[in-house]
Amino acid sequence: MAQTSPTPDSSPRATSDRRSPTCGGGGPGPCTICGQGQDPGLDFAFAYQPIVDGVSGQVFAHEALVRGVAGEPAPSVLDRVVEANRYSFDQACRVRAIDLACDLGLIERGNEKLSINFLPHAVYRPEVCIQTTLQAAHRRGLDVSSIIFEVTEGERIEDGPWFAEILREYRRQGFLTAIDDFGAGYAGLRLLSDFQPDLIKLDMDLVRHVDTLRPRQAIARAVIRLAQDLGIRLVVEGVETVGERDFFLHEGVTLFQGYLFSRPQFRGLASAPLRG
């Protein structure tokens, strides 16, 4: 589940050549902020929360969640992200999440993936803004197919086709994509009509007490069917009870994230098996 993103002062309009004020024109070369990973002037670290296969107990992925350097909650960092440092913060998050996960032994774990939240309002030219991430992955020997880029449905995204263009470019580069908090906002179905990600993560408010509340069961089953029809894997997030887990297992869903399996590990990666 993604930490809440800072709200942009304004949303850039879609054009054929989106760029930050310092992006160079022409081809996909580096720009002063996005391409070169300029220091955003913020100290931060990460906690990693696993996404778990509820049948095998194996870790499917680790989601990188921003924290303060002493483990403070995400708002202690995100509240200091403003227009002037949004681009460099987004880029620095990607690089540091990769570096710390690799330092913690992610590659040696085999098939476990890394999930990174990104700020769509900090991407002006996806083919340029992705270069810093590609360089970090190659430098650490991390296959790009092991990286998931996820964005919350709650992001204020006025331009659905442009957002879909960002995700298509990331997929073209070999990354996996995910929509987080599906069902929390107003744009989820519209986003799916423009782009079908590899994963959608069902919002925790639709998961809570699902084993006892029939309306939530009906909604959950509808989302499961939708994901199946579109060829998208579903992740159930915010799972806290055995009853919630078992409802989705019975419906054929196997990927889970939540306190039942593991809390976020500050500067650490949870180890399998995690049965819940």
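This is a predicted model: local features need pLDDT of at least 70, side-chain atom pairs count only at pLDDT 80 or more; totals for chains, interfaces and linings use all residues.

Reader: What about contacts between residues at least 6 apart in sequence: what percentage join residues at least 24 apart?

Author: 72% of them do.

Reader: Give me an example. Where does Phe 46 lie?

Author: Phe 46 is in strand S1, residues 45-53. Its relative accessible area is 3%, so Phe 46 is buried.

Reader: Which residues is Phe 46 in contact with, leaving aside neighbours within four places in sequence?

Author: Ala 64, Leu 65, Val 66 and Arg 67 are among them. The list also includes Cys 93, Arg 96, Ala 97 and Leu 100. Gln 265, Phe 266 and Arg 267 complete it.

Reader: Switch to helices. At what angle do H2 and H4 pack, and how far apart are the axes?

Author: H2 spans residues 86-103 and H4 residues 131-140. They pack at about 15 degrees, with axes 9 Å apart. That angle makes H2 roughly parallel to H4.

Reader: Is the crossing of H2 and H4 right-handed or left-handed?

Author: Right-handed.

Reader: Which residues of H2 and H4 make the contact?

Author: From H2, Gln 91, Arg 94, Val 95, Ile 98, Asp 99, Cys 102 and Asp 103. From H4, Thr 132, Thr 133, Ala 136, Ala 137, Arg 139 and Arg 140.

Reader: How does the contact of H2 with H4 split by class?

Author: There are 5 nonpolar, 3 polar and 5 charged residues. Some of the charged ones also pair up: Asp 99, Asp 103, Arg 139 and Arg 140 are linked in a network of salt bridges.

Reader: Which residues of H4 are buried?

Author: Thr 132, Thr 133, Leu 134, Ala 136 and Ala 137. These buried residues pack against H2, helix H3 (126-129) and strand S4 (147-152).

Reader: Which residue follows H4, and what is its phi?

Author: Gly 141 follows, with a positive phi near 75 degrees.

Reader: Back to salt bridges. How many in the whole structure?

Author: A search finds 16. One of them joins the side chains of Arg 208 and Glu 240, at 3.7 Å from N to O.

Reader: Where do Arg 208 and Glu 240 lie?

Author: Arg 208 is in the loop between H7 (204-207) and H8 (214-230), and Glu 240 is in the loop between strand S7 (233-237) and H9 (242-250). The pair therefore ties together parts 32 residues apart in sequence.

Reader: Is Arg 208 buried or exposed?

Author: Arg 208 is buried, at 17% relative accessible area. Glu 240 is partly exposed, at 43%.

Reader: What about Glu 251 and Arg 221: what is the N to O distance?

Author: Their side chains form a salt bridge at 3.0 Å. Glu 251 lies in the loop between H9 and strand S8 (255-257), and Arg 221 in H8, so this pair ties together parts 30 residues apart in sequence. Glu 251 is partly exposed at 22% relative accessible area, and Arg 221 is partly exposed at 38%.

Reader: And which residue does Asp 246 form a salt bridge with?

Author: Arg 245, with the closest N and O atoms 2.9 Å apart. Asp 246 is partly exposed at 36%, whereas Arg 245 is buried at 13%.

Reader: Which residues does the cis peptide bond join?

Author: Ala 272 and Pro 273, with omega about 0 degrees. Pro 273 is in the segment after strand S9 (265-266).

Terms used. Residues are numbered from 1 along each chain as its sequence is written. Side-chain values use heavy atoms; hydrogens and water are left out. Axes are lines fitted to C-alpha atoms, for helices over the stretch in contact, and angles run from 0 to 180 degrees between N-to-C directions. Helices (H or I, at least four residues) and strands (E, at least two) are DSSP runs, numbered from the N terminus. Angles under 35 degrees count as roughly parallel, over 145 as roughly antiparallel, 65 to 115 as roughly perpendicular and the rest as oblique. A crossing is left-handed if the near helix is turned anticlockwise from the far one by less than a right angle, and right-handed if clockwise. Contact means heavy atoms within 4.5 Å. Ala, Val, Leu, Ile, Met, Phe, Trp, Tyr, Cys and Pro count as nonpolar, Asp, Glu, Lys and Arg as charged, and the others, Gly among them, as polar. A salt bridge is a side-chain nitrogen of Lys or Arg within 4 Å of a carboxyl oxygen of Asp or Glu. Buried means under 20% relative accessible area, exposed over 50%, partly exposed in between (1.4 Å probe, protein chains only).
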